[in-house]
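Hi,

Here is the model I promised to pass on.

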Amino acid sequence: MMRYLATLKPENQFTSEDYKAFFNDEIKERTARIDIQKLVEGAWLMKTGDGAQTKYYKTNKKMPDNAGQN
């Protein structure tokens with residue numbers, strides 16, 4: 001996830017399908033939704049729309065220095 005977020009600017013929008021495609025569809029839809037939901041809950045992503053119209057935007061909130069290093 002950190003690798004993907006590093007490619008985004010706050011004005012870029014993406015879908016869970018874009019996220020999966022970035023990883024060459026090596027992750028499942030459920031994994032993508034869980035990853036994204038955690039980032040929305042932490043305010044690192046902002047969600048707009050519902051259902052097939054759902055889009056996400058990166059916020060300006062800084063990720064913790066140790067994020068994704070477990």
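**What I found**

Met 46 stands opposite Tyr 57 in E3. Before going further: this is a predicted model, where local features need pLDDT of at least 70, side-chain atom pairs count only at pLDDT 80 or more, and totals for chains, interfaces and linings use all residues. Numbering starts from 1 along each chain as its sequence is written, and side-chain values use heavy atoms, with hydrogens and water left out.

Back to the sheet. E2 and strand E3 (residues 55-58) run antiparallel and are joined by four bridges; strands pair if DSSP finds at least two bridges between them. The three strands form an open, antiparallel sheet in the order E1-E3-E2. Strand E1 (13-14) and strand E2 (45-48) each have a single partner strand, so one side of each is left without a neighbour in the sheet.

Overall, the chain has three helices and three strands, in the order α-β-α-α-β-β from the N terminus. Those are DSSP runs numbered from the N terminus: helices are H or I with at least four residues, strands are E with at least two.

On size, the radius of gyration is 11 Å, which agrees with the value near 11 Å for a compact globule of 70 residues (taken over C-alpha atoms; the rule is 2.2 Å times the number of residues to the power 0.38). The C-alpha atoms fill a box of roughly 30 × 25 × 20 Å along the principal axes. Buried residues (under 20% relative accessible area, 1.4 Å probe, protein chains only) make up 27% of the 70 residues.

Cheers

Note on methods:
Buried < 20%, exposed > 50% of the residue type's maximum accessible area, 1.4 Å probe, protein only.
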